[in-house]
Amino acid sequence: MMLFYLLFWTSFLLLFTNGERGFHYGEWNDSQLQPTIQKLMKGYNRYLRPNFHVGPVEIGMSLDIASIDAISEINMDYTATIFLRQRWRDSRLVFPGNESVSLDGRLVSLLWVPDTFIPDSKRSFLHDVTVENRLIRIFSNGTVLYALRITATIACNMDLTKYPMDRQECTLQLESWGYNIQDVQFYWTRGNDSVKGLGTLRLAQYSVESYHTTVSQAVYETGLYPKLVLHFALRRNVLFFILETYVPSTLLVVLSWVSFWISQSSVPARTCIGVTTVLTMTTLMMGARTSLPNANCFIKAIDVYLGICFTFIFGALLEYACAHFCTMQHQTIMDVQRELLKEFEESNSTSHLVTSTPKKMQPQTQPKDTTEQETTDQTVMCEGDEPVAEKKEKGCGLSSVKQMSRKAASVMSVENPHNIDSHARILFPMTFLLVNVFYWLYYLLF
């Protein structure tokens with residue numbers, strides 16, 4: 001009997017509790033409870049776009065730039081991870097109330113969604129860890145929010161003529177693949193504010209300078225298609241290149257000037273400095289080009305500077321070659337001059353001995369014609385066109401020989417080869433400084 005009463009009261013309490021719950025549930029359902037997915041999908045055709053035979057579907061877009069992973073000058077593209085959000089209104093999905101329904105992303109196959117694509121994309125994929133990163137949310141007025149997380153490698157045409165002081169303008173374009181402007185219309189939901197995340201990005205070599213959005217149309221042979229474009233400007237950070245390329249190349253140029261203060265007789269030391277700086281500069285130029293596209297159409301700013309530095313370094317090596325050559329020529333001419341003076345002194349002394357012989361002895365020593373011929377040979381180096389008799393009386397002076405040797409030396413060599421190094425100590429630094437001023441003014445201001 002006790003067991004019977006216990007079962008009775010237990011059943012009564014259970015019925016009472018379920019009744020209260022059923023009452024409240026029915027009361028909430030009567031106040032426009034959210035419908036189930038089955039009711040929304042009843043009679044829904046996902047192959048027909050909303051507003052079919054009525055007008056184009058207006059699709060609002062917004063972007064969140066999560067990251068820009070890499071910017072490649074070699075391939076001229078950038079890789080970015082973005083959150084793409086699309087909104088449109090589908091009258092077939094209207095339900096009563098002010099609530100919204102969030103669906104599993106795998107149910108996207110049950111709904112019509114826009115065929116949006118990125119025309120400049122080289123590679124792209126939808127993230128799928130732990131499930132496909134999709135979001136479907138349906139509002140009571142029929143508005144559908146469709147969000148995706150995408151990573152795409154997008155082409156960006158770059159102008160590298162001012163590299164590494166360049167400013168690149170890249171775009172992210174969104175178009176409709178199959179629906180033309182008579183079927184769908186794209187617009188940015190909040191104008192430039194539709195794009196988030198660019199202002200807070202931290203990139204390795206670039207900084208985001210500015211960005212803006214535009215609405216346009218893509219023209220193809222099959223018609224006009226809606227198109228949204230995000231324009232953003234990237235300014236390269238030049239400090240890295242100054243420390244890695246510009247400063248070392250400048251120091252190499254300064255190092256090549258050290259040879260101007262080394263004696264010209266120290267051939268191994270000056271040759272070693274010149275050849276070492278030339279080879280080091282060549283290695284630096286080759287290393288700077290490995291990270292750049294092998295395109296002949298681009299003469300980059302860094303190539304111009306490295307070419308200037310290489311020219312000055314090679315010029316310092318040629319300067320020593322020229323100075324050394326002039327020194328050797330000057331030494332050779334000085335030796336020749338000393339030999340001429342020595343021969344002149346010997347011949348002059350012999351001439352004095354001949355002229356001091358008594359006149360009566362002269363015919364017995366030598367015939368007249370022979371004496372005149374010898375005197376004429378001795379007066380070949382004399383200046384002027386004076387008669388032979390006068391030249392015999394004057395003779396060739398020492399000053400005339402020195403003057404002739406100086407003229408020959410001035411024609412064939414530098415008067416003082418050591419002045420070449422003295423002038424190079426001033427000319428090379430001043431010229432390099434002037435070229436640097438023009439270089440930086442041109443590439444930074446123009």
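Which residue's side chain meets that of Arg85 in a salt bridge? View 1 has the reply, and the other views move on to further parts of the chain.

This is a predicted model, in which local features need pLDDT of at least 70 and side-chain atom pairs count only at pLDDT 80 or more, while totals for chains, interfaces and linings use all residues. Residues are numbered from 1 along each chain as its sequence is written, and side-chain values use heavy atoms, with hydrogens and water left out.

**View 1. Arg85 and Asp64 join up between strands S2 and S1.**
The partner is Asp64: the two side chains meet in a salt bridge at 2.9 Å, N to O. (A salt bridge here is a side-chain nitrogen of Lys or Arg within 4 Å of a carboxyl oxygen of Asp or Glu.) Arg85 sits in strand S2 (residues 77-89) and Asp64 in strand S1 (residues 57-72), so the contact ties together parts that are 21 residues apart in sequence. Strands (E, at least two residues) and helices (H or I, at least four) are DSSP runs, numbered from the N terminus. Arg85 comes out as partly exposed at 28% relative accessibility, and Asp64 is partly exposed too, at 22%. For these labels, buried means under 20% relative accessible area, exposed means over 50%, and partly exposed is in between (1.4 Å probe, protein chains only). A search of the whole structure turns up 14 salt bridges.

**View 2. Lys122 reaches Asp77.**
The closest N and O atoms of this salt bridge are 3.1 Å apart. Lys122 belongs to strand S5 (residues 121-126) and Asp77 to strand S2, so parts 45 residues apart in sequence get tied together. Lys122 is partly exposed, with a relative accessible area of 40%, whereas Asp77 is buried at 6%.

**View 3. Asp421 and Arg270 form a buried pair.**
Their side chains meet in a salt bridge, 2.8 Å from N to O. Asp421 is in helix H10 (residues 418-445) and Arg270 is in helix H4 (residues 267-289), so to speak distant parts of the chain, 151 residues apart. Both residues are buried.

**View 4. Strand S7 is mostly covered and has several partners.**
Of the 13 residues in S7 (residues 143-155), eleven are buried. S7 pairs with S2 in the antiparallel sense over 13 bridges; Thr79 stands opposite Thr153 in S7. (Two strands pair if DSSP finds at least two bridges between them.) S5 also runs antiparallel to S7, over five bridges, and Ser121 has Ile154 of S7 as its bridge partner. Strand S6 (residues 134-139) is joined to S7 by five bridges, again antiparallel, with Ile138 opposite Val144. In a regular strand the side chains alternate between the two faces of the sheet.

**View 5. Gly142 sits in the hairpin of S6 and S7.**
The hairpin has three residues between its strands, and Gly142 takes a positive phi near 90°. Leu93 and Gly142 are 49 residues apart in sequence but 4.7 Å apart in space, C-alpha to C-alpha. Leu93 lies in the loop between S2 and strand S3 (100-103) and is buried, with a relative accessible area of 1%.

**View 6. Four strands make an open sheet.**
The order is S4-S8-S12-S11, with antiparallel pairing. S4 (116-117) and S11 (206-220) stand at the edges with a single partner strand each, so one side of each is left without a neighbour in the sheet. S11 and strand S12 (residues 223-236) run antiparallel and are joined by 14 bridges; Val219 stands opposite Leu224 in S12.

**View 7. A nonpolar patch shows on the surface.**
Leu433, Val437, Leu441, Tyr442, Leu444, Leu445 and Phe446 make up the patch, with about 780 Å² of accessible area together. Patches are made of residues with over 30% relative accessible area and no salt bridge; like charges are joined within 9 Å, and nonpolar side chains (Val, Leu, Ile, Met, Phe, Trp, Tyr) within 5 Å. Accessible areas come from the Shrake-Rupley method with a 1.4 Å probe, and for residues only the protein chains shown count as cover. Tyr442 lies in helix H10 and counts as partly exposed at 48% relative accessibility.
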